[in-house]
Amino acid sequence: MTAASAGETPPTPVSVAGAPHYTWGGGCDGWRLVDTPGLSVIEERMPPGAAEEWHLHAGARQFFYVLDGQATMRTHQGETLVPAGSGIGIAPGVPHQMANASGRDLRFLVVSAPTTRGDRIPYREEPP
């Protein structure tokens with residue numbers, strides 16, 4: 001007996017067309033594809049030249065996967081270019097900044113476990 005046959009609804013596809021949408025950072029978009037306390041999956045779009053503020057997460061581990069364009073992930077260890085079809089993980093407690101230093105839109109997934117809601121801590125001191 002499957003979960004669906006036990007009275008639950010079967011899973012349905014999720015896309016940016018029907019996902020809750022929000023804007024941030026002066027022109028960036030986010031779509032909440034999965035939004036649970038244990039897991040968050042967000043598709044984001046950053047225009048050229050955009051960057052998030054330096055911050056860290058107390059408990060959430062994140063994985064950024066680039067769908068289109070090229071991301072720049074900044075940490076105290078320096079900058080890492082992340083091309084389309086690649087991803088980068090950020091451990092809890094690591095100050096970081098995702099940026100789009102390219103000349104075209106950047107689209108990426110941010111997978112966080114657990115969710116980052118209430119877990120983001122601004123990091124005011126930029127690395128050397």
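**Entry 1: A99**

I began at A99, which is found in strand 9, residues 97-99. I take strands as DSSP runs of E with at least two residues, and helices as runs of H or I with at least four residues, numbered from the N terminus. This is a predicted model, in which local features need pLDDT of at least 70 and side-chain atom pairs count only at pLDDT 80 or more, while totals for chains, interfaces and linings use all residues. Residues are numbered from 1 along each chain as its sequence is written, and side-chain values use heavy atoms, with hydrogens and water left out.

I noted that A99 is buried, at a relative accessible area of 2%. The cut-offs are under 20% relative accessible area for buried, over 50% for exposed and partly exposed in between, with a 1.4 Å probe and protein chains only. Not counting residues up to four places away in sequence, A99 touches M46, A50, A51, A71, T72, R74 and L106; contact means heavy atoms within 4.5 Å. I also looked up C28, 71 residues from A99 along the chain, and found their C-alpha atoms separated by 11 Å.

**Entry 2: R74**

I followed the contact from A99 to R74. R74 lies in strand 6, residues 70-75. Beyond four places in sequence, I listed its contacts as A51, W54, E79, P95, H96, Q97 and A99. For W54, 20 residues away in sequence, I recorded a C-alpha to C-alpha distance of 8.7 Å from R74.

**Entry 3: H96**

H96 is buried, with a relative accessible area of 1%. Leaving aside neighbours within four places in sequence, I found H96 in contact with E52, E53, W54, H55, L56, H57, Q62, F64, M73, R74, T75 and I90. D29 is 67 residues from H96 along the chain, and I read 19 Å between their C-alpha atoms.

**Entry 4: Q62**

Q62, one of the contacts of H96, has its place in strand 5. I classed Q62 as buried at 6% relative accessibility. With neighbours within four places set aside, Q62 is in contact with H57, I88, G89, I90, H96, V110, V111, S112 and T116. I noted that Q62 and T115 are 53 residues apart in sequence and 9.2 Å apart in space, C-alpha to C-alpha.

**Entry 5: A113 to P114**

I checked the peptide bond from A113 to P114 and found it cis, with omega near -10°. P114 lies in the loop between strand 10 and strand 11 (120-122).

**Entry 6: The largest pocket**

I looked up the largest pocket and recorded a volume of about 400 Å³. On a 1 Å grid over the protein atoms alone, a pocket is an open set of points where a 1.4 Å probe fits, with protein on both sides within 12 Å along at least five of seven lines, and lining residues have an atom within 4 Å of a point. The lining comprises 19 residues, of which Y22, E44, E52, T116 and R120 lie nearest the centre of the pocket. I found that strand 1 (21-24), strand 3 (40-46), strand 4 (55-57), strand 5 (61-68) and strand 10 (106-113) each supply at least two residues of the lining. Strand 3 gives the most, with 3 residues.

**Entry 7: The whole chain**

The protein chain has 0 helices and 11 strands. Its C-alpha trace spans about 55 × 30 × 25 Å along its principal axes. Of the 128 residues in the protein chain, 38% are buried. Among contacts with a separation of 6 or more, I noted that 63% join residues 24 or more positions apart. The accessible surface comes to about 7200 Å², with 56% belonging to carbon and sulfur atoms, by the Shrake-Rupley method with a 1.4 Å probe.

Definitions and conventions. Grid points are joined across faces, edges and corners, and a volume is the space filled by probe spheres set on the points.
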